[in-house]
Amino acid sequence: MRPFAYLRPTTLDQTIAALADPEAKPSLLAGGTDLIVRLRRGHLRPSVVIDTKGVRELRPEIVSVDGGLRFGARVTMTSIVRDARVREHFQALVEAASVVGSVQIRNRATLTGNICNASPAADTVPALLIYGGVANVVGPSGSRSVPLAGFFTGPGRTVLARGELLESVDLPFPKVPVGAAFGRITRRRGVDLATINLCGLVSSDGTARFAFGAVAPTPFVASDESGALAASGSDHVARSTALRGLFARARPITDVRGGREYRAAMLEVMTGRTWQLAATRLRERLRAGSS
Amino acid sequence: MSGEKISVRIQVNERPFDLEIPSHHTLLDVLRDDVRLTGTKECCAEGECGACTVLVNGEAVCSCLVLAVELDGQRVTTIEGLISDGALDPLQEAFVSTGAVQCGFCIPGMIVAARQLLASNPNPSRAEIQEGLAGNLCRCGGYSRILDAVVLAANSRR
Amino acid sequence: MTTPDWIGRSHERIGARDRVTGALRYTADLSFDDVLHVKLVQVGGARSAIRKIDRGDALKVPGVECVLIADDLPQPVARFGPAFADRPILATGETKFFGEPVAAVVAKTKDAAEAAAALVQVEAEPLPAVLSIEQALDPASALVQDVSLRPKDPLANSNVLREWTFGWGNPSEAPPDLVIEHDYRFPMVTHFAIEPHVFIAAPDANGVTIWTPTQHVFVLQRVVAAALKWPIAKVRIVAPDPGGGFGGKGWPKFEPLLAVLALRLGRSVRLVLTLEETFQQARRTSARIHAKTGFDREGRIVSQELNTDFLIGAYADIGVRVVSKASYAACGPYRTPHAKVTARALLSHTTPSTAFRGFGTPQASWAVESQLTEAAGLLGIDPVEIRRRNLPRKGEAFIPNDTPADGDWASALASAERALDWHSPLPKNRGRGIALGLKSSSTASASQAIVRLHYDASVSVLSGTSDMGQGARTVLAQIAGKELGASPDRVVITMGDTAIVPYDSSTSASRSTVFMGNAVIKACEQIRRQLQTIAARALGVDESAIEVVPGEVRTPKGAMSYAEAMQVGLGPPRGEIIGVGEERGGGYRPEHPLGGRPEFWEFMCTAVEVEVDPDTGMVDVTRLVLASDVGKALNPQQVETQDEGAATMGVGHSLMEELILDGSGRIVNLGAMDYRIPTIQDIPRELHSVLIENEDGPGPYGAKGAGEGGILGIGGAIGAAVNQAAGVKIRDLPLTPERIWRAIQSARSELP
C-alpha cells in the first residue's frame with residue numbers, strides 16, 4: 001500500500017472540511033472492508049484517509065425516528081442483523097446484511113460504506129430500495145435528503161459531490177403490512193459476491209416493489225401497482241408477465257462471476273422465488289395479525 | 001506525506017503497546033512486525049480467508065483490513081492471548097483431539113473466530129457454526145473436524 | 001513387560017499444540033536481524049519481449065540496496081529445474097508467463113521495496129502467447145521454448161516437450177459391442193495452500209542457507225547447487241513445516257534467485273509472495289483427454305485408447321513426470337485386455353504446472369470414470385456393478401509386467417456402495433456417482449533415516465520428510481516408539497534441515513509412511529542389534545544369549561530396560577546408539593517407462609450423492625463416502641482427515657475452481673476473492689470415511705501410503721451424480737452452476 005496521511009476528526013464540520021479540501025485527495029474510512037482492499041490493489045491512491053470513527057455526529061446506533069428507523073453512519077452489518085426492530089420491520093435488510101461477507105467482515109462493514117462504495121452488486125442496496133430508503137447527506141453546502149433510488153449514478157458512483165458524506169440512512173416503516181425477501185445467486189454456497197441479487201416486497205394493498213443488483217450499471221427499483229403481484233388471488237399468467245416487466249430494465253453483462261445469459265435467466269428464476277417468499281411472508285403476517 | 005508516523009497505544013492481549021507506525025500499515029503488519037506476535041497469519045490480505053482473524057474489542061475482525069492507527073485506545077486479542085497459565089482452553093483442546101489441525105496455518109484465525117462464535121452463541125447448531133466460520137478458509141481438511149471441535153468445546157463448557 | 005502398541009492408534013498429532021496456540025513458527029514467522037526485503041517486478045500479460053528496464057527512479061528510493069535484472073547476472077543466465085534446467089533465474093529477453101519476474105528489488109524495508117518496485121520502468125512488447133492445448137499443437141503458434149534449449153530433441157521445433165506411447169495388446173484386434181468415445185477437460189487450478197510462498201536466503205561460512213517451506217529439501221539443495229555451480233555440501237536448506245504444500249511447495253521457484261541476491265549483497269534476504277503472486281507461480285497441469293473405450297455387452301472393458309494431452313507451463317518443472325506417471329496408469333484399476341495411451345506434455349506461456357496432489361491422476365480418472373458411468377447407463381448395468389466386473393483380483397496383473405493389484409479393491413467398492421446406501425430410492429433432483437481412483441505411488445526413490453537412542457533411552461529421529469499437515473512426525477514417532485518400546489512422547493523428530501537429516505527423495509507420491517517408515521524401522525533394527533552386542537559384551541556372554549525386543553533387553557540374568565542396557569554397556573563415559581536405515585523399494589529399473597515399478601497402488605473408491613437445483617444449477621453434496629485401501633492405518637485419524645481434506649479439495653476442482661485467463665494470458669481471477677475454493681458452508685452434509693486395512697502393503701506393519709486417494713476419483717463421482725441429477729452429460733470440469741444450467745437448457749432444447 002502507498003503511504004497516506006491519516007486524519008481522525010472529532011466533528012462533522014472537521015470531516016466535511018477535510019473531505020472538501022481542494023488540495024487533498026481524500027478517502028473516507030469507516031469499516032475499511034472495501035477501502036483497504038482498494039488501497040492494497042492500488043485502485044485508490046488517496047493523499048489522506050479520513051477515519052470517521054471518532055466523529056461524534058456519525059453514530060453507530062440505529063435509532064427510532066418518526067415513522068421509521070435511522071441508521072447512523074457507523075452502523076455495522078452485525079448491528080443490523082442483531083437489531084430486534086430491524087428484524088421485525090425490515091426482514092429483507094437483515095437477510096441481505098447477513099450475507100455481506102463473513103462475520104469478520106460484518107463486524108466492521110458499515111451500511112453507509114456499502115452504499116457509498118456503490119458496487120452494482122452491493123447486497124444491502126436492493127433491500128434499502130424496496131423499503132424506500134432515504135440518504136441523509138451532509139456537506140459544505142449543508143444537508144439534503146436523497147431517496148436511495150436516485151442515489152447511484154453508475155458503477156462505483158453516487159450523487160455525492162465533493163466534500164459530501166452520508167450521515168445516516170432512514171427507512172420508513174411500511175404503512176401497511178408487507179412481506180419482503182432477499183435473494184441472490186452466487187458461485188458457491190459459502191461467502192461470495194453476488195452474481196445477481198434482488199429484493200422483493202409485496203404489500204397488502206396489492207402492490208409490489210422489487211429492486212435488482214448486479215444486472216445493470218446501478219441497482220434499480222421497479223414497482224407494480226396493477227395488483228398482478230398481490231400475495232393472494234392473482235392470476236399466474238398475469239403474475240409472470242408482471243414479474244418479467246419488473247426487470248425489463250436489466251442489462252446483465254458477462255464477467256468473471258457469470259455470463260450474460262445465465263444472469264438473465266437467474267433474474268427470472270429468482271424474481272419468481274423471491275416473490276413467492278415475500279408473498280408467503282405477507283400471508284403469514286396477515287394470518288398472525290388477524291388471530 | 002509519505003512515511004509520517006503516528007503514535008498510538010493499543011492494548012494487545014491485555015498489555016499496552018505504545019507504537020509509532022505509518023498510517024498505511026495494517027493491524028496485521030503491526031502485530032507481526034512491531035509487536036512481534038506471529039501467531040496471526042497473512043494469507044490473502046483482503047479479508048477473504050480469515051487467516052488473520054483477531055478480536056478487536058471482543059469482536060472477530062480481519063486484521064488485514066484494519067489500519068493499526070485506527071485502534072488507538074482499543075483492545076486487541078490474538079491467538080496468543082487465548083492461553084492462560086500455559087494451559088489450552090477447551091476450544092484449543094477440542095481442535096487437537098478431533099483432528100481439526102493439519103498444517104495448522106488456518107488454525108489461529110479459525111480458533112479466534114470460533115471463540116467469538118461461542119462467546120455470543122454458547123450452544124450453536126452446526127449451521128450456525130458454519131455461518132460463524134464461513135470466513136475462515138482451510139485447504140488441508142474437510143472442515144468437518146473443525147465443526148466437531150466447536151461442538152465438543154461448546155458441550156464441554158456446559 | 002509389555003509395551004503398548006502405538007500402531008493403529010490415533011495418537012495426538014505431534015505439533016498440534018503449537019499450532020493451536022500460534023506458537024509454531026512458519027517460515028514467514030522467523031525473525032532475522034538485518035534482513036533485506038525483496039519485491040519482484042513483473043510485466044502484464046503472459047509473454048512480452050523485454051526491451052528496456054529503467055531502474056533509475058527505483059534506485060533513488062531511500063533504503064533500496066539493489067535492483068537486480070538478468071543483465072546483471074553472469075551470462076548466459078543460469079537455468080535451473082528439477083528435470084530440465086530450463087528456467088532462468090530471472091526472465092531474460094522475454095517473459096514466458098504471467099507473473100515471471102523481470103527484476104528483483106532489495107531494500108531495507110518492505111515499504112521501500114514495494115515503492116521502488118513500482119518505480120522500475122519496463123518497456124515490454126506483448127507477443128503472441130500460447131495459452132491452450134489447441135494453440136500449443138498448432139504448428140503456426142510461436143515456440144514457447146527456444147530450440148537451443150533442446151538440442152538433439154527431435155521435438156524441439158514444436159511445443160510438444162515430450163510424448164509417450166504406453167500400452168499393450170492391440171485395440172484394433174478386439175471388436176467391442178459398445179464404443180464410448182469423448183473428449184474430457186480438466187481445468188487449470190491452483191494449490192491455494194493457506195500459507196503463501198516464502199523464501200529466505202543468507203550467506204554463511206559454509207556457503208549459503210535457504211529457508212523455505214519446501215517439501216523436498218534435497219531436491220532443492222541439488223537444484224540450487226547446480227544453479228550456483230557449487231558442491232551440494234555448501235548449500236543448506238532449512239525447511240520449517242509448510243502451511244500446506246499439496247505439491248505446490250515441492251519444486252524450486254525463487255530459491256536460486258534469493259541465493260544469488262544473498263551472495264551478491266552478503267546479507268540475508270527475504271521474499272514473501274502475496275497470495276496473488278503465489279497463484280502465478282504454481283498450478284496443476286490442465287488436460288484434455290480423448291477417451292475411446294470399448295465394452296462387451298456385459299460391461300467388461302475390451303479396450304481403452306486414451307490420448308492424454310496435458311498443458312504444462314512455460315517451464316517443465318516436474319510437469320513431464322506428471323504426464324508420464326498419470327498416463328502410464330491412466331486406464332485405471334481395471335482389467336484392460338488392450339490398451340493404447342498416447343500422452344503429450346505441451347508447453348505453453350502459462351504458469352509452470354507442477355506437482356499437485358494426485359499428480360495427473362485426477363485428470364485421467366475424470367475421463368475414464370466418466371466413460372464407465374456412461375457405458376453403465378447405455379448397457380443398463382449398475383455403475384457399481386460395471387466396476388465390479390472389471391476390477392482385478394488381488395495379485396492379478398492389470399498392467400503387464402508391473403505391480404499387480406495389491407489390495408482387496410472389491411471390498412472398498414462394496415464398502416462405499418453400502419455406506420452411500422447406493423440402492424435406496426433416489427429422491428427427485430438427486431443423483432449418485434461412484435468412481436475409482438488409482439495412483440501409482442513412488443517408483444524408484446530413496447529414503448534414509450537416522451535414529452539416535454540416547455543414554456536415557458529417549459529417541460531422536462532425523463528424517464528428511466516434510467510434515468506439511470499429513471502428520472509425518474507423529475507417524476514416525478509412533479513407529480520409532482513401537483520399535484524401541486518408547487512412548488512417542490519420548491521421541492523427538494527433527495526434519496527439514498539438510499545439514500542434519502540424511503537423504504530423502506521427496507515428500508510426495510504418498511510415499512513417506514512406506515519409505516521413510518521402513519527406513520526408520522531398519523534404523524531401529526540396527527539399534528537393537530547394537531544393544532544386543534553391547535549387552536553381550538558387558539555381560540560376557542555370547543550375543544545369541546541376548547534377545548532384544550522393543551523396550552527390553554533379555555539376558556540370561558534377567559531383563560533390562562534399554563537405559564539400563566546402555567548404562568551397563570557404555571558405562572560412565574556414556575554415549576548413544578545410532579541406527580541408520582535406508583529404503584529404496586523395488587529400485588531403479590531403467591527399462592521401465594517410469595524408472596521403476598510402483599511400490600504400491602493408492603486406491604480409493606469415492607461415492608457421492610448430490611442434489612441439483614434444476615433452475616439455478618446450484619449443487620448440494622448431500623453425502624460423500626470415501627473407502628480407501630490403506631493396508632494399515634498407523635494413525636487412523638490422520639489417514640481419515642487426509643482423505644477428507646483431499647476429497648474437499650476435489651470438490652473444489654469438481655464444482656468451482658478454475659483459473660481464468662484473458663486473451664493475453666493474464667489470470668483474471670487471482671486471489672481469494674474470485675478464485676473460489678470450498679468453505680465450511682460448501683461441505684457435504686454427511687461424510688463417511690472407511691479404511692480398508694488388510695495389512696497388505698509394503699510399508700510398516702503392512703501399511704500403504706495415503707493422502708492423495710481422496711482427490712483421485714471425486715471428479716468422476718460428482719460428475720456422474722450431477723449428470724444424473726440434472727439429466728445432462730457434462731464432460732468439462734468444473735461443474736459450476738452456470739455450466740450445469742447451460743447443459744440443462746441444451747438438453748431441454750433437444751427434447752422433441
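Okay, hi everyone. Keep in mind that what we're looking at is a predicted model.

Let's start with chain A against chain C. Together they bury about 2200 Å², and carbon and sulfur atoms account for 49% of that. On the chain A side, look for A:Arg188, A:Arg189 and A:Tyr262, because that trio supplies 33% of the area chain A buries against chain C, more than any other three residues.

So what about charges? The interface of chain A and chain C has 8 salt bridges. One of them pairs A:Arg40 with C:Glu276, at 3.0 Å from N to O. There are also 15 residue pairs in polar contact between the two chains.

Now over to chain B, which is assigned domain 1 (5-82) and domain 2 (90-157). Their C-alpha centres lie 22 Å apart. Here 16 residues of domain 1 touch 12 residues of domain 2. The buried area is about 1200 Å², with 65% from carbon and sulfur atoms. In domain 1, B:Thr53, B:Ile79 and B:Leu82 lose the most area, together 40% of what that side buries.

And how many salt bridges sit between these two domains? The count is 0, though 4 residue pairs are in polar contact. Strand E3 of chain B gives the most to the domain 1 side, with 3 residues.

Conventions
Residues numbered from 1 in each chain as written. Chains lettered and ligands numbered in written order. Predicted model: local features only at pLDDT ≥ 70, side-chain atom pairs only at ≥ 80, totals over all residues. Heavy atoms only, no water. Buried area = accessible area lost by both parts, 1.4 Å probe. Salt bridge = Lys/Arg side-chain N within 4 Å of Asp/Glu carboxyl O. Polar contact = N/O pair within 3.5 Å; in protein donor to acceptor, adjacent residues only side chain to side chain. Domains from an automatic or database assignment. Contact = heavy atoms within 4.5 Å. Helix = DSSP H or I, 4+ residues; strand = E, 2+ residues; numbered from the N terminus.
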